Amino acid sequence: MSRKQQVPRPGSDLGDDDTGCSILHVDMDAFFASVELRERPELAGMPVIIGAPGARGVVLSATYEARRFGVHSAMPMTRARRLCPQAVIIPPSRGKYTEVSRRVMEIFHEITPEVEPIASDEAFLDVAGARKRLGRPAVIAAMIRERVAAEHGITCSVGVASTKFVAKLASQHCKPDGLLVVPAAKVVEFLHPLPVAALWGVGERTEQSLARLGIRTVGDLAETPVDTLRHELGHAVGAHLAALAWGRDERRVTPHAPDKSIGAEETFVTDVDDPIRIRRELLRLSERVAARLREGGHVGRTVIVKLRRADFTTLSRSRTLRDPTDVAQELYATACDLYAASGLENTALRLVGVRVESLSPADGAVRQLSLGERESGWREAERAMDRAARRFGRDVVLPASLMPPPFDEMDP
Amino acid sequence: MMFRVDRDVLAEAVAWTARSLPARPSVPVLAGMRLEVTESGQLKLSGFDYEVSAEVTLEPQTGEAGVTLVSGKLLAEITRALPAQPVDFVVEGARAIVTCGSARFTLPIMPVEDYPSLPAMPPAAGKVGSDVFASAVGQVAVAAGKDDTLPMLTGVRMEIEGDTVTLAATDRYRLAVRELKWQPEQADISAIAMIPGKTLADAAKAMGATGAEVEIALSSVGGTGEGMIGFSSAGRRTTTRLLDPEFPKYRSLLPTEFSARADLPVGSFVEAVKRVALVAERNTPVRLAFRDGEVVLEAGSGDEAQAVEVLPVDFEGDDINIAFNHQFLLEGLGAIDSDVARLQMTTSTKPAILTGGKPAEDGGAPDYRYLIMPIRLSN
């Protein structure tokens, strides 16, 4: 994140001609932190970090005041604290952000059905169809910013351009609390001074490869023959970057971009080598993943278990099931098999994760019944858990092994 | 050591023995086929992979006692390709020479002294006609699981009670049960064995071709423990280690009362299922709607390709819509040895049963039952 944020702001005035610029990229500013600040107005203007305060927590979000000290998301909390000892650290409260995110997305959907969420705090909108009803793209962008601020008390930044990737770059540039239109005729002028790392798909590796060729800015990239890029970076990536360097991006806004996978992982406070505790964690993660599958109306066929040793070496094992599922007990049984077969059963682990891929919609899913299966089994029990959770809150019904121990057993 | 055998006889014996050789031997010597000419002049070919053993005994035209070990796979390929003339096999030093007509092969010899001895045949338990046995095993093995992560379901359960043998197999989604009569050594025999499905199917099929009787030998007659089973027929014998005898209590799962039954003309129904199944993707169902005098077969849904076909059938009972995995349905229909199959159903989520069309004359349960679990269509 930080590397890409170090791009210089384009000095020239690009103007505000939004003709043909129907793509909006809306990005909440320091989303989790802004949501928390609504309830802690006294912290406004101070460095605030959202993340688990423990030794192994990571920064999930930080206010711009904290970012000035070099703090950024995904940074280990220990490092963030060293960089900015005066920061106020607030542990995350997940449900709250999901709720705000959902309601902000509802605003987008009132404007156009062409909404492609890419994270809980950002989305692309194609407003071509909303022009007659709501006005020019720049007007719609301003309206979104106003409504989000008025209805939810948080700010967002909006990039307006003719393609997705330029819109995204534009929103990065006007952050925080900004609005930037990149007119179709000014795209090349806007892009070429930027460092290559600003481009979508240029990671550290690619950046190094390009640096070896003496390519540092998007302009350098644009002037490099496509064949050279293909040779250096591979056929597809080379051609893709060459197109981006000239502002060409064919990707459309695809509403409801289907989830490719759903997963959850847990980093232990201290490394764990007890297989019983690992399996209990696999159960907890399976419950979480299955609940999210059901909530999203998905079923999945491929179960992946991720195991990270104390030395950070990581092992992934996967199995594809005969039939897709959204049942935690089926995920858990598969996860346990994969864990048993991994050969890491008595190895100290730092992190475990459960992930489900090959998702398909649950409503089209059919289910092969098996011999002697009870009419209502785990599937029905877990659906009942969902209903209880909707009514009484999360975690009111849990598998017995996941129930918190009685108070006197908590600190042996 | 040397022998002369007719090419057809040798090729068949070598091919049969080679079937039990491991594809990826855990020790190199297990890739070998043992050839022995006994003092009495018999030729024995054998293969073994610690689980399954196979041995053929035959009478060579001429022979000189001795024993050797050569690559089984190579010997099988060579004998299959030889012209139809007598084959001479001679060991000279560290090589075996195979001559047939104008063709001559030289094979290196493997260390026969390192080859494990084959398990002895367990005591004989009884006999059954090889053709009856082969068809019964074929009907049941089709339902055995192929998933090696659930070894308990990859076996065929053999229950012996006096003169009745019951074979059963299930992969959780269907269950095939076949009863047959045999001639036990002891009239009051009672035994249970879980036999690896694929090994049993191979052995039964190979022996079914001989037309002779199959002798079944069990190492732990009367017990339920681990052990070994052997089959021998017309000079061939095979043994295999048994699986853990754990198996679902399937008898209580077989329904006996139904609310609907359809008598299906097997040939035309199979054709229709195969046609509509063309649009059924992996593990998606073929849907059957039965009503008076006809069945509507459908597959595919939504934006996908779809197919529908109507077939007249003899149907009695409450109208029913039910869906099955087409592969399971076709395999069940393929195992029915009759022109008409009877499908009995209760509801769209309860097990259905396929049997041969004509109910037993004495009103008892039919010899063969193929239970199939439906696919539930929506959550």
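This is a predicted model: local features need pLDDT of at least 70, side-chain atom pairs count only at pLDDT 80 or more; totals for chains, interfaces and linings use all residues.
Good morning. I begin with chain B, where four strands form an open sheet in the order S22-S21-S20-S24, with antiparallel pairing. Two strands are said to pair if DSSP finds at least two bridges between them. Helices (H or I, at least four residues) and strands (E, at least two) are DSSP runs, numbered from the N terminus. At the edges stand strand S22 (307-312) and strand S24 (320-325) of chain B, each with a single partner strand, so one side of each is left without a neighbour in the sheet. From one strand to the next, the twist averages 20°.

Residues are numbered from 1 along each chain as its sequence is written, while chains are lettered from A and ligands numbered from 1 in the order in which they are written.

Let us stay with the sheet of chain B. Strand S21 (residues 294-299) of chain B is joined to S22(B) by 6 bridges, and the two run antiparallel. Within this pair, Val295(B) has Leu311(B), in S22(B), as its bridge partner. Two helices belong to this picture. Helix H5 (residues 266-276) of chain B lies across strand S20 (285-291), S21 and S22 of chain B, and runs at about 170° to S22(B). Helix H6 (residues 326-335) of chain B packs on the sheet as well, touching S20 and S24 of chain B, with its direction at about 90° to that of S24(B). For these angles, axes are lines fitted to C-alpha atoms, for helices over the stretch in contact, and angles run from 0 to 180 degrees between N-to-C directions.

I turn to chain A, which has 16 helices and 13 strands. Of its 412 residues, 36% are buried. A residue is buried if 20 or more other C-beta atoms lie within 10 Å of its own, exposed if 12 or fewer, and partly exposed in between, with C-beta atoms placed from the backbone.

Where does UniProt place the feature "binding site"? The unreviewed entry gives Asp27(A) and Asp121(A). These two span 95 residues in sequence, yet no two of their C-alpha atoms are more than 6.0 Å apart, so they gather at one spot. UniProt positions are given in the numbering used here, feature names are shortened, and annotations may be inferred rather than shown by experiment.

Asp27(A) lies in strand S1 (residues 23-28) of chain A and is buried, with 23 other C-beta atoms within 10 Å. Asp121(A) is in the loop between strand S5 (115-119) and strand S6 (122-126) of chain A; it is buried too, having 22 C-beta neighbours inside 10 Å. Leaving aside neighbours within four places in sequence, Asp27(A) has contacts that include Asp121(A), Cys156(A) and Lys175(A). Contact here requires that the C-beta atoms of two residues, placed from the backbone, lie within 7 Å.

How do the chains meet? In chain A, 13 residues are in contact with 19 residues of chain B. Strand S11 (314-325) and strand S13 (367-368) of chain A each supply at least two residues of the side that touches chain B. S13(A) pairs with strand S28 (residues 375-376) of chain B in the antiparallel sense over 2 bridges, and Gln368(A) stands opposite Ile375(B).

Finally, confidence: pLDDT is the predictor's confidence in each residue, from 0 to 100. Chain A has a mean pLDDT of 86, and 93% of its residues reach 70 or more.
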